[in-house]
Amino acid sequence: VEARRVEAATAAAAAAEAVEAILSGVSEACCVKWEPLPDTPTMYADPDTIYGELEPQPGLRLVPPVRLLRSEWVVARAAQLRAVPADRRRALTLPRRQELEVLEPSAYYSAEEVKALPRGPRNAGFPMAVLAVSHSWESEEHPDPHGRTLLMLADAITTAQAIQVSKGPYTWQTLPSRVAVFFDFCSLFQPPRAKEEPPIGEGPTMALRAALTRMQVWYAHQLTTCFFVTDGNTETANDGSHTPYHERGWPTFEYHVSAIGKAITSSGWPQLVDVGLGVDTLFERGVPLTPAALEHLLESKRFTDGTDHGLVLSLYKKTVQCMIIGASRLIYSSCEWGPDEVRAFAAAWFSLCDRLEHFSLATNPIGPSGVAAFCENIGPGTLPRLKFLNFFNNQVGDDGLRCIAELLRRTPPHLPMLKTIRITGKNDTTPDGKHALEEACRSRGIKIEG
């Protein structure tokens, strides 16, 4: 266990060093030293992390690293594109940020306007009306030269704003009528793609480099919504025009970093949407990959710029250090996880989560085997600060309760700080199973909810 903790700390330090190397190139060129927001366990839940990326930065020649598009502009642009013949669509494809800011400045929200957009409901954690788009590039010069991604995105936005997604007794809200859209080609300054193109200037260059060191924020942040424009059943999947979504490096990173910590709750709108599968299909979130697993996966993916491989891996390491290893709360509710997913998560992450105080697997069909998978990955020093354990609606059964009771009777005490276990909801238990758990909890002063 100690060896894994040292390995994780070493990896986090290496990731920070790799990103710092890029940051140093930005700060050295600045007349005022530019400092990014610090990486903390709370940064991915704090709306100021998002707002800070939209503000003019003194150290970046007063240039905001990121601009967000108005969703109504995106939809209108797609309507214009759809209205013309295919051979004339190139003129209506999405422009680069440096061009769009000049040609149509009203396409963008100001930072203050983004702050003023209505937030989602309290029970969903007050999600922001900010939509991050993950997509593959069809060519090195332009991500969407034929407008196909734009059309899919606009259709997805309007559909998500019109229909409510349901599953069983649960119904999600619709996407807000106005959302601020992060689309890399329009949101970040773009470097010259051809030799004859002039440089974009010192301020935009620094802003781009600064934004690249924070790309994970738009996808991993718990309050943003992510649309993955995967290939699904579209004509672009097999026509040879580009490398499909799941074979690209950046999209693979964005897809997996997005699913680390976002809530899945019908109290709000779906915050993870695979556009290729359909807006009406709920996203199935898998177990977060370890950095080693992502590194192995990225080996088979295509990057336009080979140096980006190291950058995205570094960003992922920084993200899991904050969102999983350094977290005090981990909520993996309604993920459709079973025993295998519980076992995989516990084996990969529990030994590293020394700060974790609240852990929830609520409304996952884990059953007694899932509880056993949880318990078998708890050793004497595992999750030393855990106080609250949520097995709401997990169909744990009497065997699951007895498994927890056995864990609590072990010596030396396992989960020494545990104060509350929640077993309310559909758990298929009987008084006999509850009695076994009550006896074990009574001797430890642990409260049972349910």
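**Sheet, helix and a threonine**

Tutor: Start with an open sheet of 5 strands, paired in parallel in the order β9-β10-β11-β12-β13; strands (E, at least two residues) and helices (H or I, at least four) are DSSP runs, numbered from the N terminus. This is a predicted model, where local features need pLDDT of at least 70, side-chain atom pairs count only at pLDDT 80 or more, and totals for chains, interfaces and linings use all residues. Residues are numbered from 1 along each chain as its sequence is written, and side-chain values use heavy atoms, leaving out hydrogens and water.

Student: What makes β9 and β13 the edge strands?
Tutor: β9 (329-331) and β13 (447-449) each pair on one side only.

Student: How do you know that β12 pairs with β13?
Tutor: Pairing takes at least two DSSP bridges between the strands, and 3 bridges join β12 (residues 420-422) to β13, so they pair. Thr-420 has Lys-447 in β13 as its bridge partner.

Student: Why is Thr-149 called buried?
Tutor: Buried means under 20% relative accessible area (exposed is over 50%, partly exposed in between; 1.4 Å probe, protein chains only). Thr-149 has 8%, so it's buried. Thr-149 sits in helix α6 (residues 148-162). Leaving aside neighbours within four places in sequence, Thr-149 is in contact (heavy atoms within 4.5 Å) with His-135, Asp-144, Phe-183 and Val-229.

Student: Why is α2 described as largely enclosed by the rest of the structure?
Tutor: Because 6 of the 8 residues of α2 (residues 47-54) are buried, among them Ile-50 and Tyr-51. What covers the buried residues includes β1 (68-70), α5 (111-116) and α9 (215-220).
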